[in-house]
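Hi,

Here is the structure I said I'd pass on.

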Amino acid sequence: MKIAFFSAKPYDKTFFNRYNEAYGFELEFWETHLGPHIVNAITPGTEAVCVFVNDKLTGEVIDIMAAKGVKIIALRCAGFNNVDLERAKKQGIRICRVPAYSPEAVAEHAVAMLLTLNRKTHKAYNRVREQNFSLNGLLGFNLYGRTTGVIGTGKIGKAFIKIMLGFGCKVLACDLYEDETLKAEGVQYLSFDEVLNQSDILSLHCPLNAENHYLINESSIVKMKKGVTIINTSRGGLLNTHDVIQALKSGHIAYLGIDVYEQEEQLFFKDLSGSIIANDEIQRLMSFPNVLVTGHQAFFTEEALSQIATVTLNSIDHLIKGSAPADPSVLLV
């Protein structure tokens with residue numbers, strides 16, 4: 001059986017080749033993202049296509065893949081807002097994903113961004129390398145006793161909350177489904193507006209859908225405390241970048257940490273150090289001294305990549321044999 005991988009990086013090849021030894025699939029790796037520009041390169045006999053967050057599986061792309069005999073789309077990620085699920089269902093293509101790969105990896109990266117922004121360790125590192133040991137401009141604040149608001153208390157949000165409770169934070173949460181174990185640990189569930197109102201720190205841990213697109217915008221920002229810290233390791237489309245920039249300029253947002261960006265497919269996972277980046281908004285964000293941007297790095301741990309490879313290959317193996325994976329949340333179509 002042949003699987004075509006798109007948006008494939010060297011680390012994808014390393015981990016999938018390692019865990020494919022148990023299956024013996026034929027693996028083909030493409031560095032380019034999947035979209036109308038490359039879909040015709042998929043050769044007949046390819047039964048599965050494996051994609052990542054910035055691949056574009058539009059109706060047109062899915063129709064072409066179906067005509068070529070593709071039976072399975074495997075998302076090596078949790079989100080699926082980049083896939084036309086209805087068209088895949090119509091074409092009889094099964095879709096699987098990795099709903100929860102090492103939630104601790106993403107949660108810990110969110111905390112790392114928060115601590116870096118707060119204690120300015122990135123600036124201190126550069127200063128000391130230049131033999132500048134001055135503390136001026138490096139003032140931070142204690143996390144202990146601060147109120148942290150968490151939007152989305154699924155596996156990643158829950159892992160993040162447990163860390164923040166360890167710091168001695170008061171944690172407020174907003175989710176359609178309340179977690180009783182978190183409530184037993186002192187987490188208070190409130191409405192979205194109430195969480196915005198009361199939080200010193202706001203961390204986003206929810207999937208992107210039509211209902212929460214631009215969840216953080218001008219109208220929601222004005223409900224936040226002046227001087228709020230926002231961390232987003234979920235999806236770029238949760239933030240209205242223009243409105244966030246205005247709030248950074250006014251000082252309403254004191255710190256911003258983002259590992260995702262709405263137009264990241266043009267930028268992330270690429271070395272653009274010798275290029276001129278035409279995207280004005282990301283350039284503006286990176287110009288702020290109180291903004292930290294990482295390039296969709298939160299998932300990038302040994303444990304997470306191992307789990308992504310094993311879950312993906314196991315799901316494909318089950319589907320090609322006509323059986324369902326043990327975890328029903330793996331299947332989308």
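T241 is buried, with a relative accessible area of 7%, in what is a predicted model. T241 belongs to helix α10, which covers residues 241-250. If you ignore its neighbours within four places in sequence, T241 touches Y261, E262, E281 and L285.

Most residues other than glycine have a negative phi. S7 is not a glycine, yet its phi is positive, at about 55°. You'll find S7 in the loop between β1 and α1. Is S7 buried or exposed? With a relative accessible area of 13%, S7 counts as buried, because the cut-off for that is under 20%.

H296 is the other one: its phi is positive too, near 55°, and it is a residue other than glycine. H296 sits in the loop that links β12 (291-293) and α12. At a relative accessible area of 8%, H296 is buried.

Now for helix α1, residues 10-20. Which of its residues are buried? They are D12, F15, F16 and N20. These four span an arc of only 130° around the axis, so they are on the same side of α1. The general rule behind that kind of pattern is that an α-helix has 3.6 residues a turn, so residues three or four places apart point the same way. As for what lies over the buried residues of α1, the cover includes the strands β1 (2-5), β2 (26-29) and β3 (46-51), along with helix α12 (302-320).

The crossing of α4 past α6 is right-handed.

Which residues meet there? From α4 come P103, E104, V106, A107, E108, A110, V111 and L114, and from α6 come K155, I156, A159, F160, I163 and M164. By type, the residues in this contact split into 11 nonpolar and three charged, with no polar ones.

Cheers

How values were computed: Residues are numbered from 1 along each chain as its sequence is written. This is a predicted model: local features need pLDDT of at least 70, side-chain atom pairs count only at pLDDT 80 or more; totals for chains, interfaces and linings use all residues. Side-chain values use heavy atoms; hydrogens and water are left out. Buried means under 20% relative accessible area, exposed over 50%, partly exposed in between (1.4 Å probe, protein chains only). Helices (H or I, at least four residues) and strands (E, at least two) are DSSP runs, numbered from the N terminus. The arc is that of the directions from the helix axis to the C-beta atoms. Contact means heavy atoms within 4.5 Å. A crossing is left-handed if the near helix is turned anticlockwise from the far one by less than a right angle, and right-handed if clockwise. Ala, Val, Leu, Ile, Met, Phe, Trp, Tyr, Cys and Pro count as nonpolar, Asp, Glu, Lys and Arg as charged, and the others, Gly among them, as polar.
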